[in-house]
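Subject: Structure handover

Hello,

Here is the structure I said I would pass on. Please open it next to this message and follow along.

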Amino acid sequence: MNPFLQVRQLGCERDERVLFSALDFDLSAGDILQIEGPNGSGKTTMLRALCGLSADFEGEISWRGTSIKDDRESYFSELLYAGHSVGVKAQLTPQENLAWYCGLHVSVTDEEVNEALEKVGLFGFEDVPCHSLSAGQQRRVALARLHLARQPLWILDEPFTAIDKAGVAALEQLLVRHAEKGGAIILTTHHDLAMVYPDLRRISLATREQ
Ligand SMILES: Nc1ncnc2c1ncn2[C@@H]1O[C@H](COP(=O)(O)OP(=O)(O)OP(=O)(O)O)[C@@H](O)[C@H]1O
C-alpha cells in the first residue's frame, strides 16, 4: 500500500543558498513528523512546498502514489494546512471565522462550531470580533479547526505559538489522538514536544552559519 506522502530528493534554494537538499521520507497513517531547525533554516519553505503552495523546489512529492502536481484537487481535499500566521479575519467573530473556514470543506452546524470553540477554551468569546482577542486566543480560533477537521493530513507551521502551557498540553493530546485514529501530521515547532508517541519522527534542517 502506498504511504500517504512520499517525498523524494526534495531540495530548495533561496537567494543561491541551499536550505535543504536530497531529502527522502515517507509519511504514513499514524505518523507524526516534526521538522526542526533554527530560524531561517527553511522549515516554512519546506511546508509550503509540501502543501503545494510553492512550486519552487526540486524533487517529487506524491500523495497516495500520485504526484501532487498531477492531482492537486484530491490532495487539497485531504490536507489541512495551518500556516505560521493565524489567518483569522479580525473583523469576524470566532464563530464566523470557523464557520467560514469549515464551510469551504464540509458543512458544520452552529452547535459543532460552538463545541469546537469551547474545546479550545473560547467559551464566552464566540461572538466578539477577533481583533479584540489576545494573540493566544486568536491562535486558538485557528486551532479550533482541528476539532472539526475531516482531512487525514495536517500540516502545521508553529501551531504552539502564543499558546499557554495548558493549551500546549491539550494541543499535543489532540495531535496524538489524530495520529492514533489513522491521521498523519507534519509540524514545525521550536517547542520541545512532551508527547510520548512511538511514531514521532524528526527531521533536522542544517544549522545556519551565524
Ligand atoms: N520568497 C523568498 N525569497 C527569498 N528568500 C526567501 C523567500 N522565502 C524564504 N526565503 C528565505 O529562506 C530562508 C528560510 O526561510 P523560512 O521561512 O523557510 O525559515 P524557517 O526555518 O521557517 O524560519 P523561522 O524559524 O524563523 O520561522 C530565510 O533566510 C528566508 O529569508
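This is a predicted model: local features need pLDDT of at least 70, side-chain atom pairs count only at pLDDT 80 or more; totals for chains, interfaces and linings use all residues.

Residues are numbered from 1 along each chain as its sequence is written.

Overall

The chain has six helices and nine strands. Helices (H or I, at least four residues) and strands (E, at least two) are DSSP runs, numbered from the N terminus. The C-alpha atoms fill a box of roughly 50 × 40 × 35 Å along the principal axes. A compact globule of 210 residues would have a radius of gyration near 17 Å, and the chain agrees with that at 17 Å. This radius is taken over C-alpha atoms, and the globule rule is 2.2 Å times the number of residues to the power 0.38.

The antiparallel sheet

Strands of a sheet pair through backbone hydrogen bonds, either parallel or antiparallel. Here, two strands count as paired if DSSP finds at least two bridges between them. Four strands make an open antiparallel sheet in the order E2-E1-E4-E5. Its edge strands are E2 and E5 (66–67), each of which pairs on one side only.

Strand E1 (residues 5–14) pairs with strand E2 (residues 17–27) over seven bridges in the antiparallel sense, and Gln6 stands opposite Asp26 in E2. The hairpin of E1 and E2 has two residues between the strands, and Asp15 takes a positive phi near 50° there. E1 is also joined to strand E4 (residues 58–63) by five bridges, again antiparallel. In E4, Glu60 is the bridge partner of Arg8.

Helix H1 lies across E1, E2 and E4, at about 130° to E1. Contact means that the C-beta atoms of two residues, placed from the backbone, lie within 7 Å. Axes are lines fitted to C-alpha atoms, for helices over the stretch in contact, and angles run from 0 to 180 degrees between N-to-C directions.

The parallel sheet

Five strands form an open sheet with parallel pairing, in the order E6-E7-E8-E3-E9. Strand E6 (79–82) and strand E9 (200–204) are the edges, pairing on one side only. On average, neighbouring strands of this sheet are turned by 15° against each other, direction ignored. Four bridges link E6 and strand E7 (residues 153–157) in the parallel sense, with Leu80 opposite Trp154 in E7. Helix H6 (residues 165–180) lies across strand E3 (32–36), E7 and strand E8 (184–188), at about 145° to E8.

A helix pair

The axes of helix H3 (residues 94–103) and helix H4 (residues 110–119) come within 10 Å and cross at roughly 115°. Pro94, Gln95, Leu98 and Ala99 in H3 meet Val113, Ala116 and Leu117 in H4. By class, this contact has six nonpolar, one polar and no charged residues. Ala, Val, Leu, Ile, Met, Phe, Trp, Tyr, Cys and Pro count as nonpolar, Asp, Glu, Lys and Arg as charged, and the others, Gly among them, as polar.

The ligand

Which residues are around the ligand? They are Arg14, Asp15, Leu19, Gly37, Asn39, Gly40, Ser41, Gly42, Lys43, Thr44 and Thr45. A residue is near a molecule if its C-beta atom, placed from the backbone, lies within 6 Å of it. By class, the shell has one nonpolar, seven polar and three charged residues. Helix H1 (residues 43–50) gives the largest share, three residues.

Regards
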